[in-house]
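Please find below my notes on the structure you sent. They are set out as numbered points.

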Amino acid sequence: DQQVKQNSPSLSVQEGRISILNCDYTNSMFDYFLWYKKYPAEGPTFLISISSIKDKNEDGRFTVFLNKSAKHLSLHIVPSQPGDSAVYFCAAGTYKYIFGTGTRLKVLA
Amino acid sequence: DAGITQSPRYKITETGRQVTLMCHQTWSHSYMFWYRQDLGHGLRLIYYSAAADITDKGEVPDGYVVSRSKTENFPLTLESATRSQTSVYFCASRGQGGTEAFFGQGTRLTVV
């Protein structure tokens with residue numbers, strides 16, 4: 001049973017608009033939630049994280065929201081830029097991280 | 001060079017052969033991880049290690065063996081490679097007090 005799920009395989013957004021990527025999890029014991037960005041032929045790179053004791057964390061254009069009662073987190077990118085086009089993975093865990101299946105974001109110029 | 005490096009970057013091997021993927025990090029991070037990336041499955045955890053000589057299974061450990069005799073190295077061995085192990089393998093490390101895991105550039109393994 002998959003503990004971390006990203007139900008949208010792909011998302012297309014116009015440049016300048018908001019991108020919202022979603023992630024659901026099943027294990028209420030997870031302490032940390034992270035978002036990673038991945039370009040082809042490269043390793044994933046860290047974007048932003050949030051602790052289970054918070055409900056929002058912001059870093060520049062990126063904001064992560066955590067809804068513990070719904071076991072749901074989301075990543076907001078505002079404004080979206082063509083360089084944001086990549087695969088985004090959410091991850092959750094405490095000392096080891098379980099990843100979702102990824103969402104391919106395409107930002108259209 | 002500082003960071004986390006994987007070798008080789010590309011490997012083709014035959015079914016039944018043993019192959020070892022190498023991972024080296026220079027930060028003295030306590031935690032190290034091996035993931036595989038497959039279409040439709042995302043990144044799946046194979047094995048992880050909390051410190052030298054401490055390893056544990058992840059989500060998909062069957063067919064793999066790991067060791068960690070030194071903090072900086074975490075090799076992954078496929079004892080008898082199968083076609084289903086064709087994948088891109090990523091190594092990652094994380095410090096004891098840190099949240100972020102840092103990934104290597106990946107090894108693309110093809111089993112023919």
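1. The structure is a predicted model. The distances, angles and accessibilities quoted here are therefore values computed from a prediction, and local features are reported at a pLDDT of at least 70.

2. Disulfide count. A search of the whole structure gives two disulfides over all chains. One joins Cys23(A) to Cys90(A), and the other is formed by Cys23(B) and Cys91(B).

3. The disulfide of chain A. The sulfur atoms of Cys23(A) and Cys90(A) have an S to S distance of 1.9 Å. The torsion about this S-S bond is about 65 degrees, so the disulfide is right-handed. Cys23(A) belongs to strand E3 (residues 19-25) of chain A and Cys90(A) to strand E9 (residues 86-93) of chain A, so the link ties together parts that are 67 residues apart in sequence.

4. The disulfide of chain B. Here the sulfur atoms of Cys23(B) and Cys91(B) are 1.8 Å apart. The link is left-handed, with -75 degrees about the S-S bond. Cys23(B) sits in strand E3 of chain B and Cys91(B) in strand E9 (residues 87-94) of chain B, so parts that are 68 residues apart in sequence are tied together. Both Cys23(B) and Cys91(B) are buried.

5. Salt bridge of Lys37(A). Five salt bridges are counted over all chains. One of them pairs Lys37(A) with Asp84(A), with the closest N and O atoms 4.0 Å apart. That value deserves a remark, because the cut-off for a salt bridge is within 4 Å. Lys37(A) lies in strand E4 (residues 32-38) of chain A, and Asp84(A) lies in the loop between strand E8 (72-77) and E9 of chain A, so the pair ties together parts that are 47 residues apart in sequence.

6. Salt bridges in chain B. Asp38(B) forms a salt bridge with Arg44(B), and the closest N and O atoms are 3.0 Å apart. Asp38(B) counts as buried, since its relative accessibility is 15%. Glu14(B) forms a salt bridge with Arg17(B), with 3.4 Å between the closest N and O atoms. Glu14(B) has 44% relative accessibility and counts as partly exposed.

7. A network in chain A. Which residues are joined into one network by salt bridges that share partners? They are Lys37(A), Arg61(A) and Asp84(A).

8. A sheet in chain B. Four strands of chain B make an open sheet in the order E1-E3-E8-E7, with antiparallel pairing. Strand E1 (4-7) and strand E7 (64-66) of chain B are the edge strands, each pairing on one side only. On average, neighbouring strands of this sheet are turned by 20 degrees against each other, direction ignored. E1(B) pairs with strand E3 (residues 19-25) of chain B in the antiparallel sense over four bridges. Within this pairing, Thr5(B) has His24(B) in E3(B) as its bridge partner. Strand E3 of chain B is also the strand that holds Cys23(B).

Key
Residues numbered from 1 in each chain as written. Chains lettered and ligands numbered in written order. Predicted model: local features only at pLDDT ≥ 70, side-chain atom pairs only at ≥ 80, totals over all residues. Heavy atoms only, no water. Pairing = 2+ DSSP bridges. Helix = DSSP H or I, 4+ residues; strand = E, 2+ residues; numbered from the N terminus. Axes fitted to C-alpha atoms, helices over the stretch in contact; angles between N-to-C directions. Disulfide = S-S within 2.5 Å. Buried < 20%, exposed > 50% of the residue type's maximum accessible area, 1.4 Å probe, protein only. Salt bridge = Lys/Arg side-chain N within 4 Å of Asp/Glu carboxyl O.
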